[in-house]
Amino acid sequence: MKAILMAAGYGGRISQFTNEPKSLLKINNKSIIRHTVEMLLKNNISVTIIVGFKHELIINELKDLNVKFYYNPFFRVTNSIGSLWLAKDELNTDEDIILGNADVYWDQDILDSLLSDKREVVMLGDKTRALTGDYFFGCKNDVIEKYGKELVPEERTCEYVGLAKLENSFVKPFKNQMEHLVENGEYNLWWENTLYTIADKYPIYVQDVDGKFWAEVDYIEDYERIKKQIEETTL
């Protein structure tokens, strides 16, 4: 199995305060991205990271770990689908693939749940944050029917966590659709749009993280809250 992490973006909502990639923010004296990479490698999952904004800082942070990097020099004008397109050769594989955003803090319990799910494609959601989150799914029988930031509360089932897994049988159709979107000028989409745009052909399943702790860092207030919560639980 391999994991591909998206770490190219500028993240302007928080980088204006930190002036560095938000995946480098430290929790318990360890950066979010290092925490994730070490966890994946410990589970014998190879790691590829697509970098962009201040890429040298991320590369230096992980220089002692066995990680493969791709550089997106167009990170200011593309979204994450453009970054993943640059690493498309990593999708020429018979392995299962984890795709994720590098600014998400998550732990082994979530990884275990993701690995145990054998559906062809599954994204992670959190039902406990359907009213307070940022990006939402509306599901029926655990299959995505609606998605977006603007879903009204009655349409929401869960908040999207920022992680997904593709079984090897699904990697080729995923790659084909990603290439189709980029080749048609849709390089300003998120990598997740690859899945949303084929949801009429394939069921895109959602697994609820069931109260397990995770956090995405978008604002400086998110970081301070997350850091406080995690540090308190480890005292």
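Let me start with what I call a pocket: on a 1 Å grid over the protein atoms alone, it is an open set of points with protein on both sides within 12 Å along at least five of seven lines, and its lining residues have an atom within 4 Å of a point. A volume is the space filled by probe spheres set on the points, which are joined across faces, edges and corners.

Hello everyone! This is a predicted model, where local features need pLDDT of at least 70, side-chain atom pairs count only at pLDDT 80 or more, and totals for chains, interfaces and linings use all residues. Residues are numbered from 1 along each chain as its sequence is written, and side-chain values use heavy atoms, leaving out hydrogens and water.

So, the pockets. The largest pocket holds about 770 Å³ of space, and 31 residues line it, with Lys 22, Asn 79, Asp 103, Trp 190 and Glu 216 nearest its centre. By class, that lining has 12 nonpolar, 10 polar and 9 charged residues; Ala, Val, Leu, Ile, Met, Phe, Trp, Tyr, Cys and Pro count as nonpolar, Asp, Glu, Lys and Arg as charged, and the others, Gly among them, as polar.

The second largest pocket has a volume of about 160 Å³. Its lining includes Arg 129, Glu 159, Glu 216 and Asp 218, and by class counts 1 nonpolar, 2 polar and 7 charged residues.

Now to helix H6, residues 168–183; helices here are DSSP runs (H or I, at least four residues), numbered from the N terminus. Among its buried residues are Phe 170, Phe 174 and Met 178, buried being under 20% relative accessible area with a 1.4 Å probe, protein chains only. Just after H6, Gly 185 takes a positive phi of about 85 degrees.

Note on methods. Helix = DSSP H or I, 4+ residues; strand = E, 2+ residues; numbered from the N terminus. Expected span 1.5 Å × (residues − 1). Buried < 20%, exposed > 50% of the residue type's maximum accessible area, 1.4 Å probe, protein only. 1 Å grid on protein atoms, 1.4 Å probe; cavity = no way out; pocket = protein on both sides within 12 Å on 5 of 7 lines; lining within 4 Å.
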